[in-house]
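Dear colleague,

I am passing on a structure for you to look at, and my notes on it follow directly below. Please read them alongside the coordinates.

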Amino acid sequence: MLVYKFGGTSVGSVVNINHVKDIIDNNDRKIVVLSAMSGTTNALIEISNLIKSNKNEVAIERIKTLNENYNTAVYDLFHNKSLRQEVSDYVNMVFKNLIEATKKNLQYTIAQFYCC
């Protein structure tokens, strides 16, 4: 059995993702591992550093930008409207949870500041 691992620039754009699809689109048994799209890891590190520096509002804006990038990719990759909506809903839920966690951290930081 073959194992394929793709990440970074190989899944960094819709064109590249479609190229990956062409590579793995056969009836052979295989395991396919996909890492984050190009730029995602760096963006998440930046967001993490912003949160650690109590710059949560800026972090939330970066999260929203990353969410928009993923929504664009979803729109370009999925032509079936029902499937596109299902994937888009899932992606948006993940980013919503990330924003909510960031807001909770902000509330905790503010409460800690005023309490102690």
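Lys 30 is buried (under 20% relative accessible area, with exposed over 50% and partly exposed in between, using a 1.4 Å probe and protein chains only), yet Lys 30 has no salt bridge, and the nearest side chain of opposite charge, that of Asp 28, is 5.7 Å away. A salt bridge here is a side-chain nitrogen of Lys or Arg within 4 Å of a carboxyl oxygen of Asp or Glu, and in assigning charge Lys and Arg count as positive and Asp and Glu as negative, while His and the chain ends are not counted.

This is a predicted model, in which local features need pLDDT of at least 70 and side-chain atom pairs count only at pLDDT 80 or more, whereas totals for chains, interfaces and linings use all residues. Residues are numbered from 1 along each chain as its sequence is written, and side-chain values use heavy atoms, with hydrogens and water left out.

What does the side chain of Lys 30 make a polar contact with? Its partner is the side chain of Asn 26, at 2.7 Å, where a polar contact is a pair of N or O atoms within 3.5 Å, one of which, within protein, must be able to donate a hydrogen and the other to accept it, and where residues adjacent in sequence count only if both atoms are side-chain atoms. Leaving aside neighbours within four places in sequence, Lys 30 is in contact (heavy atoms within 4.5 Å) with Met 1, Leu 2, Tyr 4 and Ile 24.

Turning to the rings, those of Phe, Tyr and Trp (its six-membered ring) pair if their centres lie within 6.5 Å, and planes under 30 degrees apart count as stacked, over 60 as edge-to-face and the rest as tilted. By this rule there are two aromatic pairs. The rings of Tyr 4 and Phe 6 are stacked, because their centres are 6.1 Å apart and their planes are at 5°; Tyr 4 is partly exposed at 21% relative accessibility, whereas Phe 6 is buried at 10%. The rings of Tyr 70 and Phe 95 are tilted, since their centres are 5.7 Å apart and their planes are at 55°. Tyr 70 is buried at 18% relative accessibility, and Phe 95 is buried at 8%.

One backbone detail remains: Asn 54 has a positive phi of about 60° although it is not a glycine, and at 47% relative accessibility Asn 54 counts as partly exposed.

Best regards
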